[in-house]
Amino acid sequence: GRIIDSQCLAVKMPGPHSYTGEDVVELHCHGGALVAHLTLQELLAAGCRLAEPGEFSQRAFLNGKMDLTQAEAVADLISAGSEMALQLANQQMQGKFGRRLTEIYHQLTEIRMEIESRLDFPEEDLDWQPPETLRSSLSMLGQELRSWSGSRRQGEILRHGIALCLAGEPNVGKSSLLNIILGHDRAIVSETPGTTRDSIEVPVSIRGIPLRLVDTAGLRAAGDSIERQGIERSQQNIAAAAVVLWVMDAAGDLSAQMAACPAAPDKVIYVANKADQLPEAPSPLAPSEQLVYTCALTGEGLEQLYDALEKKVWQGKCLSENEFAVSARHAEALEKAAGNLQEAVEQLSTESWELAAAALQQAQTALGSITGQSISPDILGGIFARFCIGK
């Protein structure tokens with residue numbers, strides 16, 4: 001009996017053409033927390049209920065509107081922290097990964113049919129393929145699955161990001177470097193050593209890499225208890241980070257400053273900051289050296305720093321535009337399927353047809369768990385539980 005919003009839009013979407021494949025009605029009210037809240041309360045009072053996390057995408061999957069890889073990509077699209085992560089999610093939503101897995105699944109079905117026909121009609125002289133041909137086909141498919149599994153690290157980076165820690169001794173320009181990377185002043189900058197007392201964490205995307213950029217307190221023998229706590233947190237952040245930018249004073253003793261870095265060398269990029277204070281420009285360094293000269297006041301050297309960061313993060317295995325990177329769940333299933341195919345190859349070498357057929361069936365079960373052709377309700381519920389409500 002009261003008006004919440006006098007101008008609304010109700011859109012009817014009849015199945016099976018809606019997102020879920022079912023009859024759907026969308027209500028569009030004006031923006032604002034109160035209007036949406038009161039509208040929702042009226043709907044609940046009229047007998048509606050709140051959607052479970054990921055319920056709409058789960059219904060779309062169960063109704064055959066998308067396979068499980070596409071449904072998972074919806075969550076990846078929403079949580080994407082960089083353009084590269086967004087591109088990865090969009091490619092998976094288009095179904096390329098799922099379609100190729102389905103093709104392999106059907107190929108394995110055809111090979112199983114041939115193997116099982118040998119078991120059912122051993123005396124018949126049918127047009128069977130030689131065992132060597134079957135083994136070759138299965139080996140090639142196994143290699144393809146393992147190559148996808150090898151993209152797990154890239155997929156995890158793009159989906160979840162990595163921690164990038166700015167660390168070093170006091171007054172070397174860590175906070176200034178943080179500010180110029182972000183493009184605005186996020187941290188207090190002062191010539192007084194020990195200004196940064198606590199860690200500052202900011203999400204940022206650099207060259208398509210989603211990062212959690214952490215600025216830490218300068219490492220030194222601190223005097224007061226507050227600074228000591230900040231330094232303890234700095235040491236924890238350095239240990240937990242995937243990559244550490246160890247910031248140094250370019251005009252100081254670089255060898256001594258590099259030796260003071262507590263992080264493992266394989267995850268460190270040494271940054272000689274304040275390069276503008278050098279009497280002459282530093283000579284170019286060989287690409288293999290993990291030392292970059294920068295000036296946080298002018299931005300000089302930032303592109304070289306980003307080059308080094310890309311190389312450190314991707315380890316020479318950055319994805320091309322048309323590739324996709326698998327999740328941890330996908331990688332585990334791919335490895336299992338590839339192992340089953342290898343077992344089938346070995347069984348075919350001794351013409352153990354029954355054991356080869358069993359191995360192929362296990363491989364298909366593993367692949368089906370990725371696309372949703374064979375997956376338990378518990379695992380399915382766990383996948384959609386990480387979605388936000390209403391997606």
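Angles under 35 degrees count as roughly parallel, over 145 as roughly antiparallel, 65 to 115 as roughly perpendicular and the rest as oblique.

## Model

This is a predicted model: local features need pLDDT of at least 70, side-chain atom pairs count only at pLDDT 80 or more, and totals for chains, interfaces and linings use all residues. Residues are numbered from 1 along each chain as its sequence is written, and side-chain values use heavy atoms, leaving out hydrogens and water.

## Helix pair H6 and H12

Helices (H or I, at least four residues) and strands (E, at least two) are DSSP runs, numbered from the N terminus. Helix H6 spans residues 131–149 and helix H12 residues 328–349. Their axes, lines fitted to C-alpha atoms over the stretch in contact, come within 9 Å. They cross at roughly 160°, on a scale from 0 to 180 degrees between N-to-C directions. H6 and H12 are therefore roughly antiparallel to each other.

Contact means heavy atoms within 4.5 Å. Residues of H6 that meet H12 include Leu134, Leu138 and Trp148. On the H12 side, Leu334, Leu341 and Val345 are among them.

## The sheet

Two strands pair if DSSP finds at least two bridges between them. Six strands form an open sheet of mixed pairing, ordered S4-S5-S3-S6-S7-S8. S4 (200–206) and S8 (291–293) are the edge strands, each pairing on one side only. The twist averages 25° from one strand to the next.

S7 (residues 268–273) runs parallel to S8, joined by three bridges. Ala272 has Tyr293 in S8 as its bridge partner. Helix H8 (residues 174–182) packs on the sheet, touching S3, S4, S5, S6 (243–249) and S7. Its direction makes about 150° with that of S5.
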